[in-house]
Amino acid sequence: MALKPFLLLALLFFCALQVSSYSEINDDEQDQLALQVVKGANRRLLTYVDCKGLCQVRCGAHSRPNVCNRACGTCCARCNCVPPGTYGNREACGKCYTDMTTHGNRLKCP
C-alpha cells in the first residue's frame, strides 16, 4: 500500500521535470523559429531567405547588375531560393527557379 503513493509521487516528479525541460529552448531553436514565415494560400511554413543579400552576390559580376538584381529578387520571392555562385547552378533551386520565363519565353531567373 505504501508503494502506490511513492510511485505516484515519482511519476509526478518525472512529469514536472519533463515539462520544465521542454520550456527551455536554446538560442538555435529560437533563431529557427524566428526565421519561419507563413506564405501562400495553403499556409505552408517556409524559411526566410535574405533575397537582397543573396541577389547582390549572385549579380555581383553581371554586366547589368540593376536588371539582374530586379529579376533575381522576383525569382527569390517566388521560389524562396537563390542559386550559389554568380552564374549557373540554377538546378540547385529546383523546378520553380529553372522554369520561370518572361513574356517573351526567355528564362527569367539569372
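## The second largest pocket

Let's start with a lining: Arg58, Ala61, His62, Cys68, Thr86, Tyr87, Gly88, Arg90, Leu107, Lys108, Cys109 and Pro110 surround the second largest pocket of this predicted model. The space inside the second largest pocket comes to about 190 Å³. By residue class, the lining of this pocket splits into six nonpolar, three polar and three charged residues.

## The largest pocket

How much space lies in the largest pocket? The figure is about 370 Å³.

As you look at the structure, you can trace the lining of the largest pocket through His62, Arg64, Val67, Cys68, Arg70, Ala71 and Thr74, and then through Thr102, Arg106, Leu107, Lys108 and Pro110. Five residues of the lining of the largest pocket are nonpolar, three are polar and four are charged.

## How H3 meets H4

Two packed helices are described by the angle between their axes and the distance between the axes. Helix H3 covers residues 51–58 and helix H4 covers residues 65–79; their axes come within 9 Å and cross at roughly 135°. Because of that angle, H3 counts as oblique to H4. The crossing of these two helices is right-handed.

Which residues make the contact? From H3 come Cys51, Cys55, Gln56 and Arg58, while H4 supplies Asn69, Cys72, Gly73, Cys76 and Ala77. Sorted by class, the residues in the contact of H3 with H4 are five nonpolar, three polar and one charged.

## Two asparagines with positive phi

Most residues other than glycine have a negative phi. With that in mind, have a look at Asn80, whose phi is positive at about 60° although Asn80 is not a glycine. You will find Asn80 in the loop between H4 and helix H5 (95–99).

Asn105 also has a positive phi, near 65°, and is likewise a residue other than glycine. To find Asn105, go to the segment after H5.

Methods
Residues numbered from 1 in each chain as written. Predicted model: local features only at pLDDT ≥ 70, side-chain atom pairs only at ≥ 80, totals over all residues. Heavy atoms only, no water. 1 Å grid on protein atoms, 1.4 Å probe; cavity = no way out; pocket = protein on both sides within 12 Å on 5 of 7 lines; lining within 4 Å. Points joined across faces, edges and corners; volume = space filled by probe spheres on them. Nonpolar A, V, L, I, M, F, W, Y, C, P; charged D, E, K, R; others polar. Axes fitted to C-alpha atoms, helices over the stretch in contact; angles between N-to-C directions. Helix = DSSP H or I, 4+ residues; strand = E, 2+ residues; numbered from the N terminus. Parallel < 35°, antiparallel > 145°, perpendicular 65-115°, else oblique. Left-handed = near helix turned anticlockwise from the far one by under 90°. Contact = heavy atoms within 4.5 Å.
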